[in-house]
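Please examine the sequence and the model shown here together.

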Amino acid sequence: PRSLFPAEPSAFATSAGAMSFWGSKVAPGATAKISTPGGELVHLSQACLDPAAPSGASSKVFVEQGGQKYAVACLKEGGQESCALDLFLDPNDAKLSVVGKATVHLTGYFESAESEDEDDEPAKPAAKAETKASPKAGAKASPKV
């Protein structure tokens, strides 16, 4: 397993190809800096209150990036205890923090920046196929006029 936060013993990651699981527990008042190997991005997918959260406790999850701090999840025990997210974080700039009375479990996965480029490549040939289809449609329309 790769260590995400060297001073944070509750961080966890495993490798399994282009994408791999990432998880961290962030205590109230704590700030966690994301570190990844080889320029990978972190896809933050879920924020969930710790199962041992006190009754009625609430916490807010913040992402700090580019000198700005943004609330991305507001959680409350007995109410909304989890929140689905779809955020790609740059490990060189992003920090995660929790404000409130409960620890929050953050989960997601590492994604190689290269795999995003690979996803774009199949889309280009499809666009070329559409371009080839357009002249054929125009040729069929001409005889009808």
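The model is predicted: local features require pLDDT of at least 70, side-chain atom pairs count only at pLDDT 80 or more, and totals for chains, interfaces and linings use all residues. Residues are numbered from 1 along each chain as its sequence is written, and side-chain values rest on heavy atoms, with hydrogens and water left out.

The chain contains 1 helix and 9 strands; these are DSSP runs numbered from the N terminus, a helix being H or I of at least four residues and a strand being E of at least two. Read from the N terminus, the order of elements is β-β-β-β-β-β-β-β-β-α. Of the 145 residues in the chain, 30% are buried, where buried means under 20% relative accessible area, exposed over 50%, and partly exposed in between, with a 1.4 Å probe and protein chains only. Contact is taken to mean heavy atoms within 4.5 Å. Among contacts between residues at least 6 apart in sequence, 72% join residues at least 24 apart.

An open sheet is formed by 4 strands in the order S3-S8-S5-S6, with antiparallel pairing. Strands are said to pair if DSSP finds at least two bridges between them. Strand S3 (31-33) and strand S6 (68-76) are the edge strands, each pairing on one side only. On average, neighbouring strands of this sheet are turned by 20 degrees against each other, direction ignored; the axes behind this angle are lines fitted to C-alpha atoms, for helices over the stretch in contact, and angles run from 0 to 180 degrees between N-to-C directions.

The pairings can be followed across the sheet. S3 is joined to strand S8 (residues 95-100) by 3 antiparallel bridges, and Thr 31 has Ser 97 as its bridge partner in S8. S8 also pairs with S5, in the antiparallel sense, over 6 bridges; here Phe 62 stands opposite Ser 97. Strand S5 (residues 58-65) pairs in turn with S6 over 8 bridges, again in the antiparallel sense, and Ser 59 has Leu 75 as its bridge partner in S6. The hairpin of S5 and S6 has 2 residues between the strands, and Gly 66 takes a positive phi near 60 degrees in it.

What forms the nonpolar interior? In soluble globular proteins, nonpolar side chains tend to be buried together. The largest nonpolar core has 24 residues, and those with the most contacts inside it are Ala 47, Leu 96, Val 104 and Leu 106. Such a core is a set of buried Ala, Val, Leu, Ile, Met, Phe, Trp, Tyr and Cys residues joined through side-chain atoms within 4.5 Å. At least two residues of this core come from each of strand S2 (19-26), strand S4 (41-49), S5, S6, strand S7 (82-89), S8 and strand S9 (104-111). S4 supplies the largest share, 4 residues. Leaving aside neighbours within four places in sequence, Val 104 is in contact with residues including Val 26, Ala 47, Leu 49, Val 61, Leu 75 and Val 98.

Gly 100 is found in strand S8 and counts as partly exposed because its relative accessibility is 35%. Beyond its neighbours within four places in sequence, Gly 100 is in contact with Pro 28, Ser 58 and Ser 59. Gly 29 lies in the loop between S2 and S3, and its 69% relative accessibility makes it exposed. The C-alpha atoms of Gly 29 and Ser 97 are separated by 7.0 Å, although the residues are 68 apart along the chain.

With neighbours within four places in sequence set aside, Asp 86 is in contact with His 43 and Leu 44. Leu 87, also placed in strand S7, counts as partly exposed because its relative accessibility is 27%.
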